[in-house]
Amino acid sequence: MVALNISGLHNGCPLRRLSTTRRPSGMVTPFKPRKNRKKLQVIICILFVELFERFTFFGIVCNMILFCTIKLGYHNYQAATVNLCFVGASTLTPVLVGWFAETCLGRTKVLYLCALLHFIGTAMLPVVAFPFEDFYIDTHNTIHQLEPRVQHVLFYTGLLAAALGIGGFRAILCPLGAYHLQGYNQHQILSFFNWFYWLVNLNSTVVFLGISYIQQSVGKNLGFLIPFTSVLLALIAIHMARNNLIFRPKKGSSLLTTLGVFLNSLKMCCLRYRHLSGDVANWLDRAKENNGGCYSETSVENVKILVKLFPLFGLQLLYRACITQIPSGYYLQIMHSHLNFNGFLLPIAAMNVISILPLLIFAPLLEFVNTCYQSSNKTPPSPAKFITMGHACAALSALAAGIAEIHRKDYPQVEQTLSGTVLQVSSMACFQLTPQYILLGIAEAFVTPACSLISFCLTPSNLRGISLHFLSLFYGGGCFLGALLIQFFYVVSGGNFYPNTLSNGNMERFFFMLAMLMAVNTLVFWKLSYRYTDLSFELDKGTRQSHLDEKLLQYKACLRFYDTVDRCGTSASLEMIL
């Protein structure tokens, strides 16, 4: 191989370095640069950025309740609500930031803007957590500290900025829609999702074990300096990799177009009885241009496919509310249990690792089972069955939490120091709460990959990104539903179902009500699961339909007469092209 170094300008443009090879005939031909090294560099950078992002996210979440109750003086239900709202906002912002990046500023500019917001947010939190009273005392022995109003403003501003920054990292650097899985069968796609979530939870395990002890036992109030330090590392990684960190998912239907079809259909349904006549097969057909609407036939048909998944998405709301008990209700139980283990103060957030262990164990096990079914030419259990079993495990977890709460209050009270504050807690060992964590971990191992698989397989290729976006929106909505349930049961019970002192209330009733609601949710999904049993036919049908649309839309640039091209940028209707 001969390397030619050429410097200079040609027509005002710099010439790049070319690598060439000499054929046996003597001809010199360009040699394509090796992409493996570049891909490896990108993968390593993304892994580091993912690690730092998880480090900052869990650094805020895993001890939010402890910080709010001890430092800010919140009641238990208020601290749990703030924590769930932050988790929900961090789940919703990737969808919103991703849409904003695609339609407004561009992915690179939004990435650096979100990095700046993330830096500002995580810099404000240490200011709120800093113990000024230990350092700033004047000659008159007057303690100087932040006023409560300033403290709250900085705290919520920091949380909002951090949530927006987290959304930017997740949406632009490593979006799930960037992985092109077209052409793979159902078994291969399920294998991808199983191992994808396995790696995510392995990362979470490392993060939880590291920062939970640092924040609670070593750093005390200075624990929020960890997000500040880790975001510096994330910014360095982004600066080093620059545009190589940005994956561009396949473009398809936009979130704004989908919501617009719904609104236009509702508007046309209301106007139907005043100005229009005639019936349509589906109420969404009112949004079509040939029925007086504003959207092309292709856009409306895409939305009709997504509507079939809405029962699946809607039934995940209550399930997500059960999962969010780990950073809320279950956290309070651990916080008011005996954490001393042979002289070592076990970090509260370290119990989250117990819920992750089933995920790390079941993913390889499920992969092995699916491989056995595949090799013996047998049909494996449908993803809908896994979701039903996962929902049942979530209901059993809430039931086990209620039983454990009754059992926990039977133990005598002892003193326990957390973040420099002495609390009266139950003498029951925190490890006796393990079953409820294990059941939730099993539920996640069953539900999350199966939901992603169904969302992916029941939609054509141009809708898969928006389908996963809607799934994320409902996941975030489940976090807010969990916060709403806490507020509702607190108000209805007068604080008895979510007490500030667990030994003086009946928090087990909250868990029993949640278990009952989740059991009903499981039965409803079981009744509707037949819709999501056979994915092979829908996958083939959607693939064939998407290939037909892509072939037909190739002629869009040629059809520039008689208004056959949609000027607003949406896909031309099938009838108009034909």
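**A walk through the helices**

Let's start with a pair of helices: H14 (residues 383-408) and H15 (residues 434-457) have axes that come within 8 Å and cross at roughly 155°. An angle over 145 degrees counts as roughly antiparallel, so H14 is roughly antiparallel to H15. The crossing of H14 and H15 is also left-handed. And what sort of residues make up the contact of H14 with H15? They divide into 21 nonpolar and 4 polar ones, with no charged residues. Keep in mind as you look around that this is a predicted model.

Now step back and take in the whole protein chain. You'll find 19 helices and 9 strands in it, and the chain has 578 residues, of which 48% are buried. Its accessible surface comes to about 28,700 Å², and 64% of that belongs to carbon and sulfur atoms. How about the way the chain meets itself? Take the contacts between residues at least 6 apart in sequence: 76% of them join residues at least 24 apart.

Is Asn 370 buried or exposed? Its relative accessible area is 5%, and since buried means under 20%, Asn 370 counts as buried. Which residues does Asn 370 touch, leaving aside those up to four places away in sequence? The list is His 187, Leu 190, Asn 194 and Pro 380.

How values were computed. Residues are numbered from 1 along each chain as its sequence is written. This is a predicted model: local features need pLDDT of at least 70, side-chain atom pairs count only at pLDDT 80 or more; totals for chains, interfaces and linings use all residues. Side-chain values use heavy atoms; hydrogens and water are left out. Helices (H or I, at least four residues) and strands (E, at least two) are DSSP runs, numbered from the N terminus. Buried means under 20% relative accessible area, exposed over 50%, partly exposed in between (1.4 Å probe, protein chains only). Contact means heavy atoms within 4.5 Å. Accessible areas come from the Shrake-Rupley method with a 1.4 Å probe; for residues, only the protein chains shown count as cover. Axes are lines fitted to C-alpha atoms, for helices over the stretch in contact, and angles run from 0 to 180 degrees between N-to-C directions. Angles under 35 degrees count as roughly parallel, over 145 as roughly antiparallel, 65 to 115 as roughly perpendicular and the rest as oblique. A crossing is left-handed if the near helix is turned anticlockwise from the far one by less than a right angle, and right-handed if clockwise. Ala, Val, Leu, Ile, Met, Phe, Trp, Tyr, Cys and Pro count as nonpolar, Asp, Glu, Lys and Arg as charged, and the others, Gly among them, as polar.
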